Structure formats: C-alpha cells, structure tokens
Amino acid sequence: MTEAVVAQPETELVTLTVDDRTVSVAPGTYVVDAAKRAGIDIPVFCYHPKMEPVGMCRMCLVEVGRPAVDRASGQPILEADGKPQIQFAPKLDTGCTVVVSEGMVIRGYTDKVKEARDEVLEFLLTSHPLDCPICDKGGECPLQNLTMNFGPGKTRYIYDEKIRLDKHVPLGDLIFLDRERCIQCARCTRFQSEVVDDPVIGFSERGRELEIVTFSDPGFDSYWSGNTTDICPVGALTTADFRFGARPWELKPVASICTHCPVNCNTTLNTRREAAAGGKQVVKRVMPRQNEWVNEIWLCDKGRFAYQYTEAANRITQPMLRKDNKLVPATWDEALVAVNAKVKTAGGKMVTLAGGRLTNEDYFNIKKLSDAAKGQSLLHSGIAGGDMVASVGLGQGSNLTDLGSGSAILVIASDLEEEAPLWWLRVKQAAERGATLIVANPRRTKLDPHAARVLRYNYGEEAALVHAMLDSFSPKRPDQPESVKRLLRDDALKAAAQEISGAENLVVFYGSEGTDLATSHSLASACANLLIATGHTGRPNNGLVAVWDKGNAQGAWDAGLRPSESLATQMEDAAVLYIVGADPAGDDPQLAAAVDGAQFVVVQELALTKTALAADVVLPAQAFTEREGSYTSGERRVQRFYPAVPALDGTRPDFAITAHIANALGLKLEDKLPPKIFAQIAAGDEAYRGLDYGKLSEVVEQWPIIGRADVYYGGTTYDNSQGLGVQLSSASERGQSPVLSFESPKETEPAKDGLLAVPVTRLYDRGNTVVPSKLLTDRLEAPQVVLHPEDAEKLGLEMGKPAKITLNGQQATVTTHIDNSLPKGTALIPRSLGLPINGPVELKVTA
Amino acid sequence: MLRGMFEILRGMFITAREAFGKPITVQYPEQKRPVRERFKGRHELKRYDNGLEKCIGCSLCAAACPADAIFVEASENTDAKRFSPGERYASTYEINMLRCIFCGYCEDACPTEAIVLGDNFELSFTDRSQSIYTREMLLDPVPAGGKPTPQQTEPGLFDRSIPMMENPK
C-alpha cells in the first residue's frame, strides 16, 4: 500500500460508520474513500482519487450525520440507550468533498439518497446523446454502469428535444472530443493542469454552451493527453489510435511492460483479430496497468501510441545471407551454419553489441556466449554507471510516492520529462508533497518550476557540480579543478548541499543531458559518492537512479554488458561482430564505417535497419509483444511481460537465437523457456537471488482500489493481476558497504571556435521504435539545432528557419530553434534525429 | 376374413386417392414454397431508402451471438465517403453460416434494425471457407431511387447514428 494512510500507522485514525459498517481511516480522508475502504461504493463522476475533489457532478450525494454536541457544555448529547445522538444535515452532502470526522455516520443507500442519484443521473442524461452502440467507451463507461446501477430506469425526456452539439471535434491529432457526450466533470482539464502541469485544455463558455477547448498549437500539445481518455467517465474524449477500433468486451487484455524508457511502465495490451491484418491477432491499444510503485495509473503518449513498430510492414521474417554482395533470403539452418562457422574460428575476436531494449534473459545468454567465445560483450548506450546503480541504487521497498517532507531529490543533467516522463511526474508530485527538489541542469527544463532550488552549470561541469557539493561538506582536496572551485563559490549550491546532507531520504537521478560516456561515468561516480558521503545508501527511498536511454539498460549492466568508449575501433577489429537489437550504423556514420570494417557481421533485428543492410547475416528476432521475458527498470524493479500476439512465422526470440549460435562452441544454453534462464540469473546474481517468474507475478491490493465501476471506468485494463514485479536489493543493502572513491571529474573542453554542440534527449525522437507509429509522425521532432538568441542573431538565424551545420564531419540542414535559457556558445543537438552526436563536440553553423 | 378384405380395400382406396389426387409436394428447386412470416433464414443487412446502410458497426450482434458466428470491424465515416448515418460503419462484417444457429438474437440486439434474418434458406457450400458470408454478400441491393455506398453526402446531414432510425430524407 502506498498511501500515507498505511505508511504512517502511528497517525491516529478516525472511526466512522458507513451504512452500518465501521471503518477507521486517516484524518483528512474524504467520505467516498472511507466508504470504499469499508467496502461500500458511493458512485462518482468528477471525483478522482489522484486529484483534488471539486464536487461538480453531485453524483456522490450522501446523508452525513455527526454526533450532536450540547452547545452549553460542549459534551456529546446521548440517546436514552447511551449512544451518541447523531445529527443529520438537513440536505445531502457531496461525499467527495466532506472530510471524515470522529463518530460520523454516513448513509449511502437511503431512499433520500437514491432519489437524489436518480435525479442527478436523469439530469446528466438529458443532454447525453445515448449513442452507446457507436461510442468507444460503451462497455467500460461509468455513465453506463452507474445508470444501470443507480439510474431511474426510465426517462421522462422527449428524445427530439435533446441538445445537439458537435460530435467530431479534434482537439489535436491524437484526441477527439464529442461535445454531446461530455458531462462537464472537468477530470481532463484538472488532470492537465493539476497532475501534469500542462494546462493546454480548458473550459470555455458556460452551461449548455460549455465546451472543452485547447489553447496550444498544435492542439492538445501534451505528452500526457492519452490519460484524459482513460479518466473521462464518458466517451467524450477518445484517442485517434483506438477510435472505432473495437468494442472493449471483444479485446483480450495481456499484461506487458512499456519498453521505451527506463521507467518500465506497466501496460495492458488489448489484442484482437483484425481483418485488415489478414485475420491475425494484433495489438489494438496500449493502456496503463496500475502499479503504484512504478507508473500508478498513468502512461505517457509515447508509451501509448508508439507500439506499431512491433507490427510494422518492414519486420523481417526470414534469415538473410550475403551472397555476391547482396542479401538473399536463406533458411535458418543455412544462416546458423554460416554464423556458427565464423564464431568457431573467431578466436577471441568476437564482439557482441547489444541494444538496450532486450530482456534480461537475452542479455544472460549473450553474455554467456560472448564469454565462451572469449569475446567482448558491449552495450550500445551513451550512459555509464549501471554498476554504481547496482551498488547504491534505490533500496528495496522504495516508492517515489513515499517521498515527501524531509526527503530530498536531486535531478542532475536530465530533462526528466523528455527522458522518462513518468519519473518527471512522480518527482514533481514528491516536490508538491514537500520534498526538497534540487534541479541541476545547464538550461531551463519543465521540472524547474517545481524545484526548491535550481542550480545552473556549464555543459560538461555536471560532475564538477557534485564534486563541489561534496567539497562543501569538508573541503579537503586542494587539487580540484578550477570549475569545482568556481562552482563552490555559489551560495545556492552550498545551501543545496546542506539540504541534501540534512535530508532524511535522498534520491539522485542522473541523466544524459550533454554528456558522453566518459563524463557520464564521472557524473555517476560523483553522484554515488554524494549518496555515500551523506549516508543515503542501503535504505528504502534512498539511492541512485540512472535515467537510461533505453528501457532495459540496467538489466544489461546487471548481466555484465558494458558500454565502450572505443566502440568504433572494437567493432572494426572484430572477426565476428554480433549485433543484437541495436542500430549503430543508423545512429552514427562513424559506427557505420566500423560495421563495414568488421570482417563478418551478424545482425539480429526486427526490421532491416541500416546496420542490418550492411550485415553478412541477418537473423529475424521476435518483438516483445510476441514472447515473454523480464525487464529491470532504472529503479531496479524486475518485472515480467507476457506474450500478447502469436509470433510472426520465421522469427525466433533473441535468447533462442543466441543459444543456437552458442551451439557452435559446444555451449548449451536454454533456448525455449525464459523462466529457466531467469532461474540461472537468480542463481548467479546476488541481487536476483531467490527470485523466479512466480514472484514477479505476485500482486497485492493497491490503493486506490480500481476495477469497480464507480471510480475510473468499468474496463479491465487498469487491473493488475499479473504482477507488480520485485525491486532488487542494492549491494549496499546486502552489507557490501560501498567505498568513497575519488575520481577527478571529467570535463568537456569548451569549443575553440564555433559552438559547442551537446546532445540532449527528446521524447519524440526518430528512433527505429518510434518512427513506424504513423499517429506520432507529425509530432516527431525535426532534425534541429537549438541556439541561444545571441548566438542565433550573430549567425543571422531565426526560429524555424533552416540552418546548415557541420557536425562530426557530417553536413546537414536542420531547423533552427531558439532557447534563451541555454548558456551562450552552446548548441543543443537532440539525439536520435539522424544527426550523429554522442557527446559534446564542436559545431559549425551557418545560415 | 371379410373384415380383413375390407381393410385391404380401404387401404388401397386411400393409396389410389392420393396417387391420382392433387400432390402436396412441390418441385423444388423449380418451384419454391413461400416461407412463413417469422421464418429465420439467411441474414440480410438492410439499407435505408436513400441507399445508406443501416448497420453502424456497433458489434452488438456479435456480442449477442451465442455461437460466436459474427465478426464485425468498424471504421469511421466521412461526408466524402459515407456508408451509414453517423460516425461509424461496419467495414468488415462476416457471418460464419456453419456456426450460426439461426436463433435471431442478432436481430434483437441490433439498435438500427440493420440485420434481419431473411427468407433465404438455400445455404450450401462445398468448402468451409465459403460458409463465411461477407458484408458484400449480406447487404441488400440498393433500393430504387437510392445511391450505392459509399456516398458523398452534405456535411451535417447524417451525423447521428441512432436518431436516424426512420428513413433519412
């Protein structure tokens, strides 16, 4: 349980009676929630347990009685039988806005209450179109369900007099509004302003004229817009993705994990057979699945709408071999024979490069194969520090929801909403609960307004900033670089350091804003030192979190894969280059040359990427929707996902392909059952010890209780019955006390002439897993350079105008963006937009 | 014995009467008997007089079907390409006649009276795949004066599915 109610059992509870059931709840609880705890449903529309109540819809009207008090003596008045006399209010109260008090008596099912509900529903239905047969919410609609349960059963309204409003109002390209269906509960507008601080939609006009409008351009420009369709208690808001896609009862729910970012949000994949796909089972929509430790009940739009790559037309279903410098289809046997012959003779010169979206089981087999071949197993990632996260990561039982007053959160070198939206949301909410949020970033990010302190530094000085904090506790190191000394003169930094050291709990998020592998390592180690020096390790709600660039980079680190600073050279020198789920050639021309330079290249992929096109053998792998496996999130929570759709004919899961290659070396690896591989992981890795797939699928009751018709919706996709996952213990928790280590912070040299280009991350990038989602095409970032206004003026560039850039020897024409919060002399180049950038580098820009 | 003779003659009389009387069998398939009013034969997807399809792709027939014989997939109408009144139409509508038990629940479930069990009982096929009747096979022909679907319609004229149950003008 995650609520403060359970987290603080010492708080005195308030006891009240709801329909003859006695229940004790924390003070401050609303009557509807108290009733829910007592097992009694009070119907609601506008109330949502994750938002402040507004009491707009009047659906939750109940009779509220309080013990009568004698005004003269202040003593409770007793009945003849000695029980306190209960005084009921003359009118009904809204249960969602009334806070419980001692001895309160709630009547939720008296005739008076029932009559009120009848009337409220009748009023709501006067302007509701009753087009349930064509409404996407039909079947999981609170208005339908509550009308069936509490409604009058008959209408007195004349159908022809019903109000007529626009039924097709696109709020953006992702969300559609049906004005007739809207019951004006304001859940969507409150969600956008209160929960995610993106107030891009709002109410316009009043009464019957009331309408939801969007203020942004493009319309409904928010990373969170899909959530409004979930919490909409009617079918007023629908997604372009699922519009008329299927009826909810026809869909099969399958528990899965979002693999786009290291949060690993729990999702439900709704699948159904589709005529357009030739009768195949396909994913019709992605919905959030409740996990109060991970994503609560939310999901960002990337997680919701960017799943089509698993079903894209460019998926490969047959192995391919290079013959006469052309890739030709081959059988699995032919392909494996070709690969195995090369692997056998690689003689220690086998290099394995894996991407960050494979499963723990895949990494385990890859590592085993690579070790048996005496080769190198590398992770294609620009972020370092997974070993430090394993050592001083979040303690078991951590939950960002538990962070509040007395806790501190440091977010450094990360634009959290772009890199890991759900963490942004949960960190923001922790700050609202009173946690001290310190944001250190060279430029303004969306987290800044919620921070207690914002620290600025120059790109490249992120590790120096943490070192300066460490030095402010005990300045013992005179050999610190100049930047540390300069940063140390900043009073805000010193104050932030004090707040961090004095905090009861400390969580440090470090990202990849402007870092390359070397500076990232330096930053991770500095952050780990900060946690160790201030005693914030080995406990729940304390520790280090890496904001990885890929969904399961932590799992890859735990398996022993490491990113490499000399990746290009290593790849070029390989006798066998085995690339799994990564597209180095597509990311960077330098790596493309390295792929070309390698003697024999095997690529295991979903689609024909640039790397695959340059390969000698291409092996078709299965997408995560077609197989099972486990993922380790940045918070080191291991979670499993289930096969949702049948695998494409001809494809094999990654771990199995690796096992088949391992046969060449006489190595027997599990090639059928992921749980068996997981058992081997659990036997080998101390952090995973004792875990199995059964443990990962365990669930406990979560608060708020969902699944009942009255709160969110009547659908089944929020319900988490297939596993909450298990948080791993960090090494520091297992008694391996981490040691402070000093490493002089690595810094980036400022550019000699021209600008310093630094890589940043954008949510809607142009990665291979995002581009196939046609729905997001218009929202994907264009290749761009972000400049300081003065630099732009000097170069004669304007917002939105094309600019010619020279970057890492590559020339490109990109769109100019201007951001006045950038340090002068710096230019931002977002990653994964087709521009080669792995770290800070000199940039030439011309108009 | 006399009594036995009589019984035989009586039997032969009946045989002779039926042999030379008016036959009650019909010469199917040249000759077809009309079916009863409530006969439940092959499904038909009805149209409005103007040619628009009554089916709005709500899939309630599929939900009601006890034999799971119906498969519906919906798509969105536009005024430039309109199949039915309102926003939604059935882009795929399939009934597996091998599964159908002709109970008529689909008729009951239909909110627009689009699916009706008709008079046709001549369902035979030589291949299992032929038992799947598609939307095109089930749709009634366009009535005289109506236009075939998809139609190009005036904006705002047919923007509602359910209230348009009477024939749209």
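1. Domain 3 and domain 4 of chain A meet through 10 residues of domain 3 and 17 residues of domain 4. Contact here requires C-beta atoms, placed from the backbone, within 7 Å. On the domain 3 side, the touching residues are three nonpolar, three polar and four charged. The classes are: Ala, Val, Leu, Ile, Met, Phe, Trp, Tyr, Cys and Pro nonpolar; Asp, Glu, Lys and Arg charged; the others, Gly among them, polar. The centres of the two domains, taken over C-alpha atoms, are separated by 32 Å.

2. A word on the basis. This is a predicted model, in which local features need pLDDT of at least 70, side-chain atom pairs count only at pLDDT 80 or more, and totals for chains, interfaces and linings use all residues. Residues are numbered from 1 along each chain as its sequence is written, while chains are lettered from A and ligands numbered from 1 in the order in which they are written.

3. Chain A is divided into domain 1 (4-109), domain 2 (120-239), domain 3 (332-382 + 555-693 + 723-727), domain 4 (386-547) and domain 5 (755-846). The bounds come from an automatic or database domain assignment.

4. Helix α13 (462-473) and helix α15 (491-502) of chain A have axes that come within 9 Å and cross at roughly 70°. That makes α13(A) roughly perpendicular to α15(A); the class covers 65 to 115 degrees, against under 35 for roughly parallel, over 145 for roughly antiparallel, and oblique for the rest. Axes are lines fitted to C-alpha atoms over the stretch in contact, with angles from 0 to 180 degrees between N-to-C directions. From α13(A), the contact uses A:Leu465, A:Ala468, A:Met469, A:Ser472 and A:Phe473; from α15(A), A:Leu493, A:Lys494, A:Ala496, A:Ala497, A:Ile500 and A:Ser501. By class, eight of these residues are nonpolar, two polar and one charged. Helices (H or I, at least four residues) and strands (E, at least two) are DSSP runs, numbered from the N terminus.

5. A:Ala464 also sits in α13 of chain A. With 29 C-beta neighbours inside 10 Å, A:Ala464 counts as buried. The cut-offs: buried at 20 or more other C-beta atoms within 10 Å, exposed at 12 or fewer, partly exposed in between. Beyond four places in sequence, the contacts of A:Ala464 are A:Pro481, A:Ser483, A:Val484, A:Leu487, A:Pro745 and A:Glu747. Its C-alpha atom is 8.7 Å from that of A:Gln480, 16 residues apart along the chain.

6. Strand β34 (826-830) of chain A has five of its five residues buried. A:Thr826, A:Leu828 and A:Pro830 point one way; A:Ala827 and A:Ile829 point the other. β30 (755-760) of chain A runs parallel to β34(A), joined by five bridges, and A:Leu756 stands opposite A:Thr826. β31 (784-787) of chain A pairs antiparallel with β34(A) over two bridges; A:Leu787 partners A:Ala827. Pairing needs at least two DSSP bridges.

7. An open sheet of three strands in chain A has the order β27-β28-β29, with antiparallel pairing. β27 (629-632) and β29 (726-727) of chain A each have a single partner strand, so one side of each lacks a neighbour in the sheet. β28 (637-641) and β29 of chain A share two bridges. A:Val638 stands opposite A:Val726.

8. Between chains, 17 residues of chain B are in contact with 13 residues of chain A. α2 (60-64), β2 (70-76) and β3 (88-96) of chain B each give two or more residues to the chain B side. β2(B) gives the most, with four. That side has seven nonpolar, five polar and five charged residues.

Definitions and conventions: Contact = placed C-beta atoms within 7 Å.
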